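The sequence and structure are shown first.

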Amino acid sequence: MDPDLIFLVGLIVLGLAFPATLAAFSTSGRTFRPVAACILIGSGMVVYAMSHSSGGYSVGDIPRIVAGLFS
């Protein structure tokens, strides 16, 4: 797979895990395990993509990656 695609999907998973993290902490009856799994999967995807990309990524590269994948 393309490291750019893995990086972008990892960022999306991490972005979706953020509201779930807040909901898990605010509600005492909800467990944190699914949120922790999403955080681990998303961060693992980002680390994998950064290690398999030449030069890594910066914050300024994200719009270029999105435009490159959808064009």
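Does Phe7 count as buried or exposed? The points below begin with this residue and then turn to the helices around it.

1. The model is predicted. In it, Phe7 has a relative accessibility of 6% and therefore counts as buried, the cut-off being under 20%.

2. The count of aromatic pairs comes to two. In one of them, the ring centres of Phe7 and Tyr57 are 4.2 Å apart and the planes stand at 15°, so this pair is stacked; the limit for stacking is under 30 degrees. Phe7 belongs to helix 1, whereas Tyr57 sits in the loop between helix 2 (33-52) and helix 3, so the pair ties together parts that are 50 residues apart in sequence. Tyr57, with a relative accessibility of 12%, likewise counts as buried.

3. Helix 1 (residues 3-26) and helix 3 (residues 62-69) have axes that come within 10 Å and cross at roughly 115°. The two helices are therefore roughly perpendicular to each other. The crossing of helix 1 and helix 3 is left-handed.

4. Which residues make the contact between helix 1 and helix 3? From helix 1 come Asp4, Leu5, Phe7, Leu8 and Leu11, and they meet Ile62, Arg64, Ile65, Val66 and Leu69 of helix 3. By class, the residues of this contact comprise eight nonpolar and two charged, with no polar ones. Phe7 thus has a place both in this helix contact and in the stacked pair with Tyr57.

5. Leu14 also lies in helix 1. Its relative accessibility is 28%, so Leu14 counts as partly exposed. Beyond its neighbours within four places in sequence, Leu14 is in contact with Ile39, Gly42, Ser43 and Val46. For one of these, Ser43, the C-alpha atom is separated from that of Leu14 by 7.0 Å, although the two residues are 29 residues apart along the chain.

6. Val9 is another residue of helix 1. With a relative accessible area of 32%, Val9 is partly exposed. The C-alpha atoms of Val9 and Ala49 are separated by 10 Å, and these residues are 40 residues apart along the chain.

Conventions: Residues are numbered from 1 along each chain as its sequence is written. This is a predicted model: local features need pLDDT of at least 70, side-chain atom pairs count only at pLDDT 80 or more; totals for chains, interfaces and linings use all residues. Side-chain values use heavy atoms; hydrogens and water are left out. Axes are lines fitted to C-alpha atoms, for helices over the stretch in contact, and angles run from 0 to 180 degrees between N-to-C directions. Helices (H or I, at least four residues) and strands (E, at least two) are DSSP runs, numbered from the N terminus. Angles under 35 degrees count as roughly parallel, over 145 as roughly antiparallel, 65 to 115 as roughly perpendicular and the rest as oblique. A crossing is left-handed if the near helix is turned anticlockwise from the far one by less than a right angle, and right-handed if clockwise. Contact means heavy atoms within 4.5 Å. Ala, Val, Leu, Ile, Met, Phe, Trp, Tyr, Cys and Pro count as nonpolar, Asp, Glu, Lys and Arg as charged, and the others, Gly among them, as polar. Rings of Phe, Tyr and Trp (its six-membered ring) pair if their centres lie within 6.5 Å; planes under 30 degrees apart count as stacked, over 60 as edge-to-face and the rest as tilted. Buried means under 20% relative accessible area, exposed over 50%, partly exposed in between (1.4 Å probe, protein chains only).
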